[in-house]
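Here are my notes on the two-chain model you sent for comment. They are set out as numbered points, to be read beside the coordinates.

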Amino acid sequence: MEIIDQVLDIVAEIVETDRAGLTGATVLAGIAWDSLAAVSFLAAADEKFGKTLAPRKLTTCTTIGDLAALVEAAE
Amino acid sequence: MATVRWSGIRLAGMWAAVPAAVGTVEDLAGRFGETESRKIAESTGVAERRLAGPTLCASDLCCEAGRNLLRDLAWAPSSVDALIFVSQTADYALPATACCLQQRLGLASSCAAFDVSLGCSGYMYGLWLAGSLLNSGAAKRVMLLVGDTITRLVSPFDRSAAPLFGDAGTATALECDAGNTRSWTFALGTDGAGREHLIAPAGRLRMPSSDETRRRTEREGGNIRSDEDLFMDGAEVFAFTQRIVPKLVNGVLSAAGKTPSDIDHVVFHQANEFMLRFLARKIGVPADKVALGLKRFGNTTSPSIPLAMVTELEAALRSAPVTVLLAGFGVGWSWGAAVVEAGPLASVGLTVVEG
């Protein structure tokens, strides 16, 4: 599975919404993405991808595609 | 990482005291909405918190816990050689709250008493200091009082903090026990570069109190607080624990010559349930060994470890020798962990304080 598909699954679960309504272009500010969601995403990135994300970089993400790119670039 | 190992120390007893007033998820729904409050409670694992009134202090809670502990152990107040008060919510800028508590508990004037200003790691530093005093022969008996009324520094309109925090005070009695071969192992550390992520920036000397610092305004995410209120960047706190705690726990286990299977109970700083479950998985500790006291008391900062020991492990601590792994981490950044071979404890209890 592509990283973007896994990230879409993760985001749908975090914001409790239908996966079918989300794409890489979906804007986080429009889907109840808050500080709690950000923390959940940090944990998911660790457990599903073994990656440690920097919170400062996470706050610059505006779309789900940005989240996927951040995961891909992370160590 | 500062690591040390001792024997000849006994944990005699521990008590906790909480305020009578209860804050609930329903109370939060009025401020943050029902759906939001439910989501926060599901993630943090906090259903209820105990809230200090406008003049109740951490020292009041610790004093009550300490009185009960001295009475229950039948320790003469004059037999306590040192009193350590760990808190970030002291009574005064000066004098030290430990001095007030020496007098209120009726301890002798020969008793050494001092404050330590630490939060989430505070109990670990308190135990380490108490153990150092006992191990060196500087004291035969130590009363360790650890408490905070942190909600008095939290804006009720800040949804990143208000739903999480609660108040408590604790007392832990430790003494020399020359024949005791069971060991205590500690690892501690600090990284002050993280101070900006968990801070009450104003109201003391660096940024003195003024009309400006007292004014609550809307901040990131619609949270409303002043510069004198506690600010917490939850994502930065999470990233810090993700980076530090697994190394800390593995380090102290290795220094103690133990593996997770040698540990009967793990008591983390009760940060929030989501984080504690994540850490348990990452470190490889079975979930049923991890004490969770968040549901009824929330995150009480410095006293969260001893409070969870009293409320979740009372029967285990009273009944037989146990090996516990304790780890505190957060504000500072500051952290500490210990493998403590303790028990059975003669006195463990919880009391409620009006106010």
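1. Two strands are said to pair if DSSP finds at least two bridges between them, and helices (H or I, at least four residues) and strands (E, at least two) are DSSP runs numbered from the N terminus. By that rule, strand E14 (residues 265-268) of chain B and strand E15 (residues 322-330) of chain B are joined by 4 bridges and run parallel, with B:His265 having B:Val324 as its bridge partner in E15(B).

2. Some ground rules come before the rest. This is a predicted model, in which local features need pLDDT of at least 70 and side-chain atom pairs count only at pLDDT 80 or more, whereas totals for chains, interfaces and linings use all residues. Residues are numbered from 1 along each chain as its sequence is written, while chains are lettered from A and ligands numbered from 1 in the order in which they are written.

3. From E14(B), B:His265 and B:Val267 point one way and B:Val266 and B:Phe268 the other, and all are buried (a residue is buried if 20 or more other C-beta atoms, placed from the backbone, lie within 10 Å of its own). This strand belongs to an open sheet of 5 strands in chain B, ordered E1-E9-E16-E15-E14 with mixed pairing. Strand E1 (2-6) and E14 of chain B are the edge strands, each with a single partner strand, so one side of each has no neighbour in the sheet. The twist averages 10° from one strand to the next (axes are lines fitted to C-alpha atoms, for helices over the stretch in contact, and angles run from 0 to 180 degrees between N-to-C directions). At the E1 end, E1(B) pairs with strand E9 (residues 184-190) of chain B in the antiparallel sense over 5 bridges, and B:Trp6 stands opposite B:Trp184 in E9(B).

4. Chain B also has an open sheet of 6 strands, in the order E6-E5-E7-E8-E2-E17 and again with mixed pairing. Its twist averages 15° from one strand to the next. Strand E7 (residues 141-148) and strand E8 (residues 168-176) of chain B pair in the antiparallel sense over 8 bridges, and B:Val146 has B:Thr170 as its bridge partner in E8(B). Helix H3 (residues 58-73) of chain B packs on this sheet, touching E2, E5, E7, E8 and E17 of chain B, and its direction makes about 40° with that of E8(B).

5. Which elements of chain A give two or more residues to the side that touches chain B? In total, 12 residues of chain A are in contact with 12 residues of chain B (contact requires C-beta atoms, placed from the backbone, within 7 Å). The elements in question are H2 and H3 of chain A, and H2(A) gives the largest share, 7 residues.

6. Helix H2 (residues 35-49) of chain A has 15 residues and reaches 21 Å from its first C-alpha to its last, close to the 21 Å expected at 1.5 Å a residue (that is, 1.5 Å times one less than its number of residues). Its buried residues include A:Leu36, A:Val39, A:Phe41 and A:Leu42, and what covers the buried residues of H2(A) includes helix H1 (3-14) of chain A and helix H7 (234-256) of chain B. Just after this helix, A:Gly50 takes a positive phi of about 65°.

7. A:Leu42 deserves a separate look. Not counting residues up to four places away in sequence, A:Leu42 touches A:Leu53, A:Pro55, A:Leu58, B:Ala235, B:Phe238 and B:Ala239. A:Leu42 and B:Leu83 have the most contacts inside the largest nonpolar core, which has 140 residues (a core is a set of buried Ala, Val, Leu, Ile, Met, Phe, Trp, Tyr and Cys residues joined through C-beta atoms within 7 Å). H7(B) gives the most to this core, with 12 residues.

Key. A residue is buried if 20 or more other C-beta atoms lie within 10 Å of its own, exposed if 12 or fewer, and partly exposed in between; C-beta atoms are placed from the backbone. Two residues are in contact if their C-beta atoms, placed from the backbone, lie within 7 Å.
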